[in-house]
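Please read the following note beside the sequence and the coordinates.

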Amino acid sequence: MKKVVSRFVVLFIFLFLFTACSSNENTGGAKGKTEITVWTWPNNDQTFEEITIPLFEEKHPDINVTVQGFSQDSYHDKLATAAVSGEGPDVAMIEIANVVKFKELGAFEDLSKEPYGANEFEGQYVDFFWDYVTGEDGYIFALPKNSAPAAMFYNKTLFKDAGLPTEPEDVHNLLKTWDDYIEVAGKLSKTGKQWMIDTPSRIVETIMQQAGTSYFNEEGKLQIDNEDFKYGYDLAKKLNDLEAISPYEAYSPEWNASMQNGTVATFFAGNWFGKYLKNNAVGTEGEWGITYAPEYKGQSSFNNGGDFIGILKDSKNKEAAWEFVKFVSQDMDNLKGMYEKDELYPAYLAGMEEEWMNQENEFFGGQVTNEVFQNVQEKMGNPYVTENDPIAKDAVQKMLTNITFGGKSIEDALGQAEDEISSKVK
């Protein structure tokens, strides 16, 4: 009898363990929860952990989310390698400069297909960013997460000390065109002490966006010698002749310090720069303003950044991953949290009229900054982009350094850049 009982106990334990293991395998995680992994970069990983994931798991208690952040320098290469090998995460973010690379890689789910049906969201996101996620045959590889409408951030103190207006509308009228900008640069710049702009590449990148031009055309021909690029090079040369460009490399300690010290009058950047400025110019509340960039060919709007979020084809938990992707880019509580923490601008149009998007910003002297950024976003165009753009962008940045601080002629520096790009493009 003891042997029978003993065998029964052993059988019961075995069946219990087998059932428990089977349950965990079916749900993808412990305690009956589906587990999904999300890849991104700093400081988006922190924002996910502090804001997005707690909100999501509260509304989706059956799903557990783990986020992993990787250095932005290596992130996209690491993701591409993992995606091709089938060892990637369930969900991943893509930065705007790498959209074409991953859209063409084919490693992301086509969200236009069932059970996703993302086609229904067309018209609910900024047109400019929806164009980025759609490909041939209606393929939708991700959803837009945050856009980055851009403008001119300016130091009111420097403008006031030069006897110039400081209110956003007045500054815009003062700097209506790039010719106006050059003229005022002479008044705001002091040799070796104070500069009109931070880097020469900001000029060309802004002109590119305003003109709707691209590094390559649809036939793959390099276009960095067209009239729009050359206009930007000429502006950079004129500013350099006025000693109006700071000598600091973007994101260097010296560049960051120029914000705190108030030695650079204007920065051209996406709305996210507002948070960056607050972090690097502590105690300067009220000394900054935001207005439109000078116009080129009648256009003042431009974009400077943005990101997207999609599902990897090899995900084992696609249903849960889809819930997370939609939540990140559409849930109002999450969009509000991301905006208030990091000034991440929603690409989802329903957020535009929310009260939290249209508050007075004390750091910018009580200005309602979204009155500028919303108008910019509505007027932005979508340039043609390719996976070789980062190569061209790097070469153009070097070229501008050669023109300004290196003393090379535009013609010589341009020829060198064209040769460098041609030797590297696929």
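1. Helices here are DSSP runs of H or I with at least four residues, and strands are runs of E with at least two, numbered from the N terminus. The model is predicted, with local features needing pLDDT of at least 70 and side-chain atom pairs pLDDT 80 or more, whereas totals for chains, interfaces and linings use all residues. Residues are numbered from 1 along each chain as its sequence is written, and side-chain values use heavy atoms, without hydrogens or water.

2. The axes of helix 9 (residues 200-211) and helix 16 (residues 389-404) come within 9 Å and cross at roughly 130°, which makes helix 9 oblique to helix 16. Axes are lines fitted to C-alpha atoms, for helices over the stretch in contact, and angles between N-to-C directions run from 0 to 180 degrees. Angles under 35 degrees count as roughly parallel, over 145 as roughly antiparallel, 65 to 115 as roughly perpendicular and the rest as oblique.

3. On the side of helix 9, Pro200, Ser201, Val204 and Glu205 meet Lys393, Val396, Gln397, Leu400 and Thr404 of helix 16 (contact means heavy atoms within 4.5 Å). This contact of helix 9 with helix 16 has four nonpolar, three polar and two charged residues. Ala, Val, Leu, Ile, Met, Phe, Trp, Tyr, Cys and Pro count as nonpolar, Asp, Glu, Lys and Arg as charged, and the others, Gly among them, as polar.

4. Helix 8 (residues 178-188) packs on helix 10 (residues 227-241) at about 15°, with the axes 10 Å apart; helix 8 is therefore roughly parallel to helix 10. Trp178, Asp179, Tyr181, Ile182 and Ala185 in helix 8 meet Tyr231, Leu235, Lys238 and Leu239 in helix 10. By class, the contact of helix 8 with helix 10 has seven nonpolar, no polar and two charged residues.

5. Two cis peptide bonds deserve a check. One joins Pro42 and Asn43, with omega about -5°, and Asn43 lies in the loop between strand 1 (34-40) and helix 2 (44-59). Another joins Glu114 and Pro115, with omega about 10°; Pro115 lies in the loop between helix 4 and helix 5.

6. Asp137 has a positive phi of about 60° although it is not a glycine. Asp137 lies in the loop between helix 5 and strand 4 (143-147).
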